[in-house]
Amino acid sequence: MEYPNDTKYVGAFRYGNISGEGIYLWRNGEALSGSFEHGELKKGDHIYPDGSRIPVSDPQGWLKTYTAERDAAELKYAKEHIRERILGTALFLYEMEAAAQEEAHREYCNGPSLPGIKYGC
């Protein structure tokens, strides 16, 4: 099953919950592999991208890892698109200022401004 944050779980489900043997894969290449019960890894390994494994002694909840991954994905998206948002806002403000100047000119001179002339009638 693939999730919106680009992580996925491959394995058994029981009553709609992750239960049984399976593997939960993160975007960064890490994984939880082993026996899950009610969404928590009860017995298994935390696998790192380099292939090293560490036995899991503390149950690791799927929801906790999913939430952390989702938050990381949202932060990454925001960082990647902040420049576009700033430029979009700046362009919008520039266009609003130009429209306000044009409106002020129309009111003052009773007509549209001439191209290239910002002030005067």
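Three aromatic pairs are present in this predicted model, where rings of Phe, Tyr and Trp (its six-membered ring) pair if their centres lie within 6.5 Å, and planes under 30 degrees apart count as stacked, over 60 as edge-to-face and the rest as tilted. In one of them, the rings of tyrosine 9 and phenylalanine 13 have centres 5.3 Å apart and planes at 85 degrees, so this pair is edge-to-face. Because the model is predicted, local features need pLDDT of at least 70 and side-chain atom pairs count only at pLDDT 80 or more, whereas totals for chains, interfaces and linings use all residues. Residues are numbered from 1 along each chain as its sequence is written, and side-chain values use heavy atoms, with hydrogens and water left out.

**Aromatic cluster**

- Tyrosine 9 is buried at a relative accessible area of 1%, while phenylalanine 13 is partly exposed at 39%; buried means under 20% relative accessible area, exposed over 50%, and partly exposed in between (1.4 Å probe, protein chains only).
- The rings of tyrosine 9 and phenylalanine 36 have their centres 5.4 Å apart and their planes at 85 degrees, so this pair is also edge-to-face.
- Tyrosine 9 lies in strand β1 (residues 8–14) and phenylalanine 36 in strand β3 (residues 31–37), so their pair ties together parts that are 27 residues apart in sequence.
- Both tyrosine 9 and phenylalanine 36 are buried, and ring pairs link Tyr9, Phe13 and Phe36 into a cluster.

**Serine 19 and its contacts**

- Serine 19 belongs to strand β2 (residues 17–25) and is buried, with 3% relative accessibility.
- Leaving aside residues up to four places away in sequence, serine 19 touches Tyr9, Ala12, Phe13, Arg14, Phe36, Glu37 and His38, a contact being heavy atoms within 4.5 Å.
- The residues that serine 19 touches include Tyr9, Phe13 and Phe36, which ring pairs link into a cluster.

**The loop between β1 and β2**

- Tyrosine 15 is placed in the loop between β1 and β2, and its relative accessible area of 80% makes tyrosine 15 exposed.
- The phi angle of tyrosine 15 is near 55 degrees, which is a positive value in a residue other than glycine.
- Glycine 16 is found in the loop between β1 and β2 and counts as exposed, at 66% relative accessibility.
- Glycine 16 and glycine 39 are 23 residues apart along the chain, and their C-alpha atoms are separated by 9.7 Å.

**Salt bridges**

- The structure holds two salt bridges, each defined as a side-chain nitrogen of Lys or Arg within 4 Å of a carboxyl oxygen of Asp or Glu.
- In general, side chains of opposite charge can pair when their charged atoms come close.
- Aspartate 45 and arginine 53 form a salt bridge in which the closest N and O atoms are 3.0 Å apart.

**Surface and nonpolar patch**

- The protein exposes about 9,000 Å², of which carbon and sulfur atoms supply 57%; accessible areas come from the Shrake-Rupley method with a 1.4 Å probe, and for residues only the protein chains shown count as cover.
- Phe92, Leu93 and Met96 form a nonpolar surface patch with about 320 Å² of accessible area together; patches are made of residues with over 30% relative accessible area and no salt bridge, like charges being joined within 9 Å and nonpolar side chains (Val, Leu, Ile, Met, Phe, Trp, Tyr) within 5 Å.
- Phenylalanine 92 sits in helix α1 (residues 62–109) and is partly exposed, with a relative accessible area of 47%.

**Overall architecture and confidence**

- The protein has one helix and six strands, and reading along the sequence gives the pattern β-β-β-β-β-β-α; helices (H or I, at least four residues) and strands (E, at least two) are DSSP runs, numbered from the N terminus.
- Of the 121 residues of the protein, 24% count as buried.
- Among contacts with a separation of 6 or more, residues 24 or more positions apart account for 15%.
- The average pLDDT of the protein is 80, and 80% of the residues score at least 70, pLDDT being the predictor's confidence in each residue, from 0 to 100.
- Confidence is lowest in strand β6 (residues 60–61), at a mean of 60, and highest in β1, at 91.
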